[in-house]
Amino acid sequence: MERANHSSFAGFTLLGFSSRPQLEAVLFLVILVFYFLSLLGNSTIMLLSLMDPRLHTPMYFFLSNLSFMDLCLTTCTVPQTLVNFRGRDKTISYGGCVAQLFVALGLGGVECVLLSVMAYDRYAAVCRPLHYMAVMHPQLCLRLVVTAWLTGFSNSVVQTAMTMTLPLCGKNQLDHFFCEVPVMLKLACTDTSINEAELFAVSVFFLVVPLSLILVSYGHIAHTVLRMKSAQGRRKAFGTCGSHLLVVIIFFGTLISMYLQPPSSYSQDVNKSIALFYTLVTPVLNPLIYTLRNKEVKGALRRLVRRTADSRES
C-alpha cells in the first residue's frame, strides 16, 4: 500500500467539535471531571476487591475486571480528546490511531462477553444458591475472564487489520474525536460493503448474542425470585440483579445504536454524542450503579478507611 494511502506521512486530523470551539471548551471541563470520577470510582472498586477478604467472591472478581477494563477504555480515548479540545494541534499519528482503535475495539468486545458472564454468575447465585460455590469455583471464574479477554482482543486484531489497510487516497480528516471503525470506513476511497457486512456480523455476535443470553438468564432469575417466600430475599435479589441489568441496558443500548446500522447512514453529531456517553459516562455509572445500594462495598470502604486512620495514628 502506498505511503499516502495509510496517511503515515502526517497521521490523522481529529475534527471533533472544532467547528464549535465554545462547545469544545465546555466539553473539556465536563470530560475532565468525568475522567477523574471514573478513575476514582473504578480504582476504589479494584482496591476494595483486592484488599477486603469479604469481597473475594466471584461477583467482585468479575466486577474488578469490569472496573479495570473501564479504566483502560477511558485512558485509551480521553487524554487524546482533552489534548485535542485544548490545543491547536488536533492530529494523531498513524500508529497512535491503530493502537487506539485496537485497544478500544478489544475492550468493547471484552465487556460484551464479561457482562454475559456476570449474568450467568447472578443466575447461579439466585437459581442455584446451594451449589453456587461449586458451580462458580475459582478456576472456572478465571477461565471465563481469560476467555472474555482473548475473545475481545482476537476480534480486535482482525477488525483493526481490515480497517487500517483500506486505501484512503490521501484523506486524513476524521470527523470524530477518536479513531473508530465506522468513521474510518467512511474515510476510505474504495467500496467498503464487505467491511460493513463483516462489521455487522461481528456486531451481532458481540452484541445480540450476549444480550440474548443475559435476557434468558434474567428471565430465569425473575421466575425464581417471584417464587421466593421471603420478601427480604426478593428485595435483595432484585437489588443486586437490577443494578447489573441497568448496566447492561445502558451499555448494549449505546453500542447497538452505534454499530447495528450502516456507517453510511450515521449522523456524525449523534454518533459523537453516543461515543462520548459510551467511553465516558458509562465507566462512571458502572461503579455508582453497582455500589450505591451495596452494603458489602460500603462496609469494605468503611473498614479500609478505619484501617488507614488507625495505621496513621499508630
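In this structure, helices α3 and α7 cross in a left-handed sense. The model is a predicted one, and the axes of α3 (residues 94-127) and α7 come within 9 Å and cross at roughly 15 degrees, which makes α3 roughly parallel to α7, since angles under 35 degrees count as roughly parallel. On the α3 side the residues that meet α7 include Gly109, Cys112, Tyr120 and Arg122, while among their partners in α7 are Phe206, Pro210, Tyr218 and His220. By class, the residues of this contact divide into 15 nonpolar, five polar and one charged.

Helix α7 (residues 193-226) also packs against α5, at an angle of about 170 degrees and with the axes 11 Å apart, and that makes α5 roughly antiparallel to α7. Here Thr151, Gly152, Asn155, Val158, Gln159 and Met162 of α5 meet Asn195, Glu198, Leu199, Val202, Phe205 and Phe206 of α7, and the contact has six nonpolar, five polar and one charged residues.

The crossing of α2 and α5 is right-handed. Pro58, Phe61, Phe62, Asn65, Phe68 and Met69 of α2 make this contact with Cys141, Leu142, Leu144, Val145 and Trp149 of α5, and these residues divide into 10 nonpolar, one polar and no charged.

| Helix pair | Angle between axes | Distance between axes |
|---|---|---|
| α3 and α7 | roughly 15 degrees | within 9 Å |
| α5 and α7 | about 170 degrees | 11 Å |

In one of them, the rings of Phe68 and Trp149 have their centres 5.9 Å apart and their planes at 45 degrees, so the pair is tilted. Because Phe68 lies in helix α2 and Trp149 in helix α5, this pair ties together parts that are 81 residues apart in sequence.

As to confidence, the chain averages a pLDDT of 84, and 91% of the residues score at least 70. Confidence is highest in α5, at 94, and lowest in helix α10 (residues 295-313), at a mean of 75. Over residues 1-9 the pLDDT is below 50, although this stretch has 23 contacts in the model beyond near neighbours in sequence. Where pLDDT is low, the predicted coordinates should not be read in detail.

Key: Residues are numbered from 1 along each chain as its sequence is written. This is a predicted model: local features need pLDDT of at least 70, side-chain atom pairs count only at pLDDT 80 or more; totals for chains, interfaces and linings use all residues. Side-chain values use heavy atoms; hydrogens and water are left out. A crossing is left-handed if the near helix is turned anticlockwise from the far one by less than a right angle, and right-handed if clockwise. Helices (H or I, at least four residues) and strands (E, at least two) are DSSP runs, numbered from the N terminus. Contact means heavy atoms within 4.5 Å. Ala, Val, Leu, Ile, Met, Phe, Trp, Tyr, Cys and Pro count as nonpolar, Asp, Glu, Lys and Arg as charged, and the others, Gly among them, as polar. pLDDT is the predictor's confidence in each residue, from 0 to 100. Rings of Phe, Tyr and Trp (its six-membered ring) pair if their centres lie within 6.5 Å; planes under 30 degrees apart count as stacked, over 60 as edge-to-face and the rest as tilted. Axes are lines fitted to C-alpha atoms, for helices over the stretch in contact, and angles run from 0 to 180 degrees between N-to-C directions. Angles under 35 degrees count as roughly parallel, over 145 as roughly antiparallel, 65 to 115 as roughly perpendicular and the rest as oblique.
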